[in-house]
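Colleague: I would like to learn how to read a model like this one, feature by feature. Could you walk me through it?

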Amino acid sequence: MSIITDHDVRYVAALARIHLKEEEVGQLQNDLEKIIGYINKLKELDVSAVEPTSHALSLENVFRPDEVKPSLAHDKALAIAIEQRDGAFKVPKVIE
Amino acid sequence: MKLHERTAHDLLDLLKDGQTTPAEIHRSVLGQINEHDDKVHAYLRVNPAESADYSGTQPIPIAIKDNMCMEDLETTCASQILKGFRSPYDATVIRKLKESGAVLIGNTNMDEFAFGSSTENSSSGVTRNPWGLDRVPGGSSGGSAAAVAANEAIWAIGSDTGGSIRQPAAFCGVVGLKPTYGRVSRYGLIAFASSLDQIGPFTKDVTDSALLLNIIAGHDPLDSTSADVPVPDYTRALVNDVKGLKIGMPREYFVDGMDPEVKAAIEQVKTVLQDKGATFVDVSLPHTEYAVATYYIVGTAEASSNLARFDGVQYGQRRRPAETRKNPLVDMYEETRDAGFGPETKRRIILGTYSLSSGYYDAYYLRALKVRTLIKNDLEKAFEQVDAIITPTSPTTAFKIGERSADPLAMYLSDIFTIPANLSGMPAVSMPCGFSGEGLPIGLQIVTKAFDEEMLFRVAYTYEQNTDWHTKRVEL
């Protein structure tokens, strides 16, 4: 039985906002099948009493003083825009 | 020895004695690039000589992996999606390098977004290993490793998420250091996996590694995950003495699949360090076999989130399909990401999205974070008994170009020895410890406790001073 179906690949690709070409779906299904098959190795371990580690350094709540400091100039930030208009980033129309 | 073949500390001595000039060193390096980079392809872009400023205190030519932002210069992560992107600011490491007077030579090739172990996943062509042009340089920082090995840079900067500095350093016969997580600011490093990524130096010897870490290390208010702990002068840790130190060789690292020449080279390292007074202790890291699986869940989950920002909205490339599929905005996201990302990048984003998605989060992502704890605990326990751990950096020497590119899983498994240091945050270095019968470099990895780079440098320096691998230079 396959672990990953082509439906799964399309569904996850949509979540990841990637449009896949037809030939990419089959290839990815095949690759993920093998990779997830290998990753299922983690199920051999009993981790019921283990705390998760999300970060190697245990830091919490790193704050800085709330002071106004110089920041990137508007025109400098906007210079990287793909499209711009009236000093703002321009994107395709979202609402009809 | 020609100027471009020398180490940075050697060149700094020559500069101090007035025997050369920064411009002369830079010219020598650029000459080497002109002559040989069409074969090696270490660089994506080389900055024009006229733009160089030689007025700083350490005007040493340095190569930068193409995932660190440099003000007004292009940074692409070797991806089509960032083609033409010019950062409006400098990464903190770049700022620190500029303050030291470093001469930025150019940007080096890499696996797209650092996803790979061979630099074959670059969208701008493969980099070749200077020690065997039919071989990969390793990855993902393959361009930086190859540039240093080919004497096309005096030293270089890379980033390491699962071995991306150490494995290419091993394959290319140079010294590659992944500092403790938090030791070097990640501000301006285009993120792959934020809990694992760390920036570090590629150098021709251990002394240069300490010198370059001195320049880039330190707390940064712009990176809240950088550690607010004092940074020592690492050159003081360059002590040729390991008397009384306890060193571990984890038994799980010396099992099936290891290249016998690699195994023999590491056995030789043991003899050298024993002769200098170190004691070897048997240590066990029982969860080693789960490291790759853990890493490919944690790393891809974080990557899928980090790479969500490349969507055609603000910068880089934007694509739109000819006909409407969903709505204009979503169509733009999806088409931009399909056209802009290469196959491995898509694979990792989709794997990461899968493990974070509803119904799989507990089974994969949360479980992997728990196994990460077990792997970290193994190492912490081992460091109760020993001062340092030594292992091969990679189970094999550099493989052939194309040999593993069709099988993602086989490629992932080449990182088995380097991943635990990223999952645990501990510092680790790879340095040359021999050559195979085919003339390919073999890498030794040394790992120490978090924030104990000094112990790392002490063991590495002692080994280096009692061998001569670091004096070898490639003939191109």
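Modeller: Let's begin with strand pairing: two strands pair if DSSP finds at least two bridges between them. Here, strand E5 (residues 175-178) of chain B pairs with E6(B) in the antiparallel sense, over two bridges. Within that pairing, Gly176(B) stands opposite Phe202(B). The names follow DSSP runs, helices (H or I) of at least four residues and strands (E) of at least two, numbered from the N terminus.

A word on the source: this is a predicted model, in which local features need pLDDT of at least 70 and side-chain atom pairs count only at pLDDT 80 or more, while totals for chains, interfaces and linings use all residues. Residues are numbered from 1 along each chain as its sequence is written, and chains are lettered from A and ligands numbered from 1 in the order in which they are written.

Colleague: Which strand is joined to E6(B) by five bridges?

Modeller: That is strand E4 (residues 155-160) of chain B, and the two run antiparallel. Gly158(B) has Gly200(B) as its bridge partner in E6(B).

Colleague: Is strand E6 of chain B mostly covered or mostly open?

Modeller: For burial, count neighbours: a residue is buried if 20 or more other C-beta atoms lie within 10 Å of its own, exposed if 12 or fewer, and partly exposed in between, with C-beta atoms placed from the backbone. Strand E6 (residues 198-203) of chain B is mostly covered, with six of its six residues buried.

Colleague: Now the chains: how many residues of chain B are in contact with chain A?

Modeller: Contact means that two C-beta atoms, placed from the backbone, lie within 7 Å. By that rule, 55 residues of chain B touch 43 residues of chain A. H11(B) gives the largest share of chain B's side, eleven residues.

Colleague: How do H1(A) and H10(B) lie relative to each other?

Modeller: Axes are lines fitted to C-alpha atoms, for helices over the stretch in contact, and angles run from 0 to 180 degrees between N-to-C directions. The axes of helix H1 (residues 6-15) of chain A and H10(B) come within 9 Å and cross at roughly 95 degrees. Angles under 35 degrees count as roughly parallel, over 145 as roughly antiparallel, 65 to 115 as roughly perpendicular and the rest as oblique. These helices are therefore roughly perpendicular to each other. Val9(A), Val12(A), Ala13(A) and Leu15(A) meet Ile350(B), Thr353(B) and Tyr354(B) there.
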